[in-house]
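Open the model in your viewer and keep the selection panel at hand. The stops below can be followed in order.

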Amino acid sequence: MQPHTVKHGQFCSLKVHFVVYKQLNFPTPLSRDGRRAAAPLSKMAAPLTLLFLLAVTVRAALFNSSLKELISDRVEVVSPLTAWKRVIEGLALLDLGVSPYSGDVFHETPLVIYLFHFVVDYAEVTFMLADLITAGCLYMAVKDYNKQVFRKQKFALEADRYPLDCLELIRSPKEMHYIPLKVAMFYLLNPFTILSCVARSTCCLNNAVIALFILSTIKGNLLLSAVFLSLATYQCLYPLVLVAPALLYLLQHQYIPVNFRRPNFWWLVAQYLFMFGGSLLVVVCLSFFLLGSWDFLSSVYGFILSVPDLTPNIGLFWYFFAEMFEHFRLFFLCVFQINVFFYTIPLSLKLKDHPVFLIFMQLSIISIFKSYPTVGDSALYLSFLPVWTHLHRFLRNIFLVSCLLLASSLLFPVLWHLWIYAGSANSNFYYAITLVFNVAQILLVSDYFYAFLRREHHLTYGLYLKRKDGSEAAMVLK
Amino acid sequence: MGLLSDPNRRRALINLLTRLNAPICGMPVDWLVKTMQARGLEVFTQSFSRTLPFPDENKERYMVKGTNVYGILRAPRAPRTEALVLSASCSPGDENNQAVGLLLGLAQYFRNQIYFAKDLIFLVNEHDLIGMQAWLEGYHHTNTTGMDWTPLHGRGGSIQAALSLELNSHVVTSLDLVLEGLNGQLPNLDLANLFYAFCQKLSVLCTIEGKLQRNDWDSVSGYSQAVQTMMLMVMKQASGRPWGDHGLFLRYHIEAATIKGINSFRQDKTDATTIGRLLEGMYRKLNNLLERLHQSYFFYLMPSLSNFVSIGYYMPAFGLLAVILLLRALDLWVQLVTPPPRNEERVNDIAQSCPGVLSILIPLVISHLTGVALYMLPVRFQEMAVEHFPVSETEAVVLTAIAVYTAGLALPHNTHRYSSEGTEQGWRVLKLVAVLYLAVLLGCTALINFSLGFILALTLVPVAAFVTPHVPKVLSAFALVFLSPACTLLFSVFFYQELQEMPVSFQDGWILYLSVISQGILDHYLYGSLVYPLIALLVYPCWLLFWNILFWK
């Protein structure tokens, strides 16, 4: 009986493979030559150029309109860390020979102020360029990632690892073809990105650095990945938590299993951490030599961690710390800040085989729980949503969440007007919307997390789960 | 319209008025300065000029030049960091002359009192709201509407509260309190309470919306009077225009109201001394404020001066209307995502939903462009219209607006030529977008100006909920037009006249309707009222989307 079943199973899987190849237009090994690979690139170049042109046109038009000043004053778009006004102030202080960190205005890093020391006349071009770089990097990274996903899926299919009823979960090249373009489009045409670019929020630069990090990680370049990660960490501290996904990805890329007893695992980790720490040290020392003082450490990182500026923004900190008694402040500061870092451990354990999804999760957690969030931070992780289009069938409350996100982002300016200008509402109204916005973001991310895990589960155990007694089973996220 | 609709007659009159502007319309500036100085105030003047985008036929003005005179009584008891304002507008003729007199009298009286801890500013503004706008912009160093004014040479502290006076005779029978300001903003309810308390104390008859309060709440007539008062307030607030000179103060976070003297045929009259005592009492109370009024309500509707309906009571009514939209959106979403009975055509489904994006985007873009046309064209093309048609500028603006509005109705047929295929999925997606759009739009509007949001919700939500391509075309098209924003405005004009107990014939109502449109556009250009751009750029395009759905192929 036993051999017969096996044989039957093999026959079935062969048939399945045949169907899959035919239906999904697999690039079979025979047809994988250079010309075929080059063809899609030239096909995508035109829409990508068009997209870039459109993005630049929109931004240039807004830069030349009267809306520019209005946008760059919005608290949703700029934070005390990233505001362009403050960069200008810092530049003026620098030109006068005063430390830009004297006083409590400027909180950007020394490298950024030296960057703008040279390109301040071309600031608008710089910000547009930063956005294009981000979009380009995300495009290439996602393209590469999709290729790998596809290759893995093919191996799994050939090794016959998927249950038979999971065919409809398998991704086809046709649906994956436009995903990189969609990612670039989601980033460049997202109103959040456009607003923060027009406001000249330095958040655009941070996003560009993070995108470069993602690209170099996905390409498997250990050194560049560590360098860009250290730059991102240097810029806004929180990207530190991206060390975990980067390591997991690079290990996977070099086929090293996560095993604490293996020396080559430790070797790669040590290598990466050394490069990361080394380049961070270099950057920090460089800043010290540029300015000749350590002022910037307390003024940038101290400012991020101790949250002294309680200007309202879209984050969770300001209201809470404005209302709190002073002697609880330190305790709750620790609680709030640990939030960002804490999720790294459980998420890394759960998603250790899917580091790119882990990057997405970490980026979203950073942008929700960081001390001075702006909409530009959310734009970065929102641009990853097209990568997970295959999860849509498992999302449970995407409609509710998108309505909430839409409504709350439009209500921000309305309630701000009522509070600050009309004087008829108060800070509670604005904070209520902040809460709604953040709850919506959390729901969105956890929904994607659930959907991702569920799809993985189905890929292992089959799509139509049965209980032991044969009735249909329901799945619960625990 | 009416009197000046003949272009030649009108142009001749405008020329005459512009030439004679100074001699006829001049305010006795020198006399005012001298009188105020004689009463011991620090007196300053501010001159301003403004050319309206098109002639205002209600007030017969086009190129406005004027001077504001204000005197500051410095606070004797405290550092001069805060101020209170008493204003009266001065216009040619006898209109409002008693207010200026009372203002000067009060200034003289207050000069001799020692208990004032806030600067008192006595402002006589010319050309009512335009002068007020110039003065407020000068005081706060802002310029939002591109008006020309000379900077103020004397300033007091930050203004905490302001009252405007309108008195036409030296005796009055009752005092009316006007609260509605620009964009439907209301002052803190405590200001109304203060006024009411002093009226009670001095036993002066007081009204709101011109309606006396009745004590028989439980009787039908008492109840209906309260409802009428509240509906009048809703209509006035929804119009978004300042209903008194105080209306522009609210924009600067200053609590303000207008007190209007009404002289009817009643026997018992109140003389100016009593009004003066009332104002003195109010100013002494305001003088005692330690911080800005903020403890009480800003969101309220008043069925009478002594009662109010708070946001907690009226917002649920709006919420229930908005829930209809949300449920409808949820229903559409469920219809869209529920896969058709499981079969092998999944690939086809995907192919079908792809052109969906384009077929939504085109109606969205076209309807918004129509909205932009409705916003831009009327004022831009008035000269051209005046050249080619026998109409005045004001008529040209209003009629162009109506023409563009009507032309927008012809659009669905145009959009369909370009959209590739109008599938069942297509209109559902479009309706989902439109319903969510309307819900968010109405929500935001209701937060800023509840009455406007509520009136729009009352008329737009039913059509938004029921319209599909499959309902009977003619009947629903009629219903849709009947409940469109423009028709809502027309009905509101009649309804408002009805509530004021001054019903008008259809002819007069139509003329009133046209002048209401021109006033709305003028309010936007002069004071930055948001109702006209809101309707033109957002509500009308949203309504067009539903029109588009009805005529989906």
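Predicted model: local features only at pLDDT ≥ 70, side-chain atom pairs only at ≥ 80, totals over all residues.

Leaving aside residues up to four places away in sequence, D56(B) touches R61(B), Q519(B) and L522(B). Show those side chains together. D56(B) is found in strand 1 of chain B, residues 42-56. Is D56(B) buried or exposed? The relative accessibility of D56(B) is 4%, so D56(B) counts as buried; the cut-off is under 20%.

Next, select residues 128-140 of chain B. This is helix 5, with 13 residues. From first C-alpha to last, helix 5 of chain B reaches 18 Å, close to the 18 Å expected at 1.5 Å a residue. Now colour by accessibility. How many of the 13 residues of helix 5 of chain B are buried? Twelve are, so helix 5 of chain B is largely enclosed by the rest of the structure. Among the buried residues are W135(B), L136(B) and Y139(B), and also D128(B), Q133(B) and E137(B). Step just past the end of helix 5 of chain B to H141(B), which takes a positive phi of about 55 degrees.

Move on to helix 17 of chain B, residues 485-499. Buried residues in helix 17 of chain B include P485(B), C487(B), L490(B), V493(B), Y496(B) and L499(B). T488(B), S492(B) and Q497(B) are buried too. After helix 17 of chain B comes E501(B), and its phi is positive, near 60 degrees.

Now go to the surface. Select V323(B), L327(B), L330(B) and V334(B), which form a nonpolar patch there. Together they have about 330 Å² of accessible area. Zoom in on V334(B), in helix 9 of chain B, residues 311-337. V334(B) has a relative accessible area of 44%, so V334(B) is partly exposed. For the spacing in such a stretch, recall that an α-helix has 3.6 residues a turn, so residues three or four places apart point the same way.

Last stop: show chain A and chain B together. How many residues does the contact take from each chain? It takes 16 from chain B and 21 from chain A. The area buried between chain B and chain A is about 1,500 Å². Carbon and sulfur atoms give 76% of that area. Look for salt bridges across the interface of chain B and chain A: the rule finds zero.

Technical notes: Residues numbered from 1 in each chain as written. Chains lettered and ligands numbered in written order. Heavy atoms only, no water. Helix = DSSP H or I, 4+ residues; strand = E, 2+ residues; numbered from the N terminus. Expected span 1.5 Å × (residues − 1). Buried < 20%, exposed > 50% of the residue type's maximum accessible area, 1.4 Å probe, protein only. Patch = residues over 30% accessible without salt bridge, like charges linked within 9 Å, V, L, I, M, F, W, Y side chains within 5 Å. Areas by Shrake-Rupley, 256 points an atom, 1.4 Å probe, with all protein chains shown as cover. Salt bridge = Lys/Arg side-chain N within 4 Å of Asp/Glu carboxyl O. Contact = heavy atoms within 4.5 Å. Buried area = accessible area lost by both parts, 1.4 Å probe.
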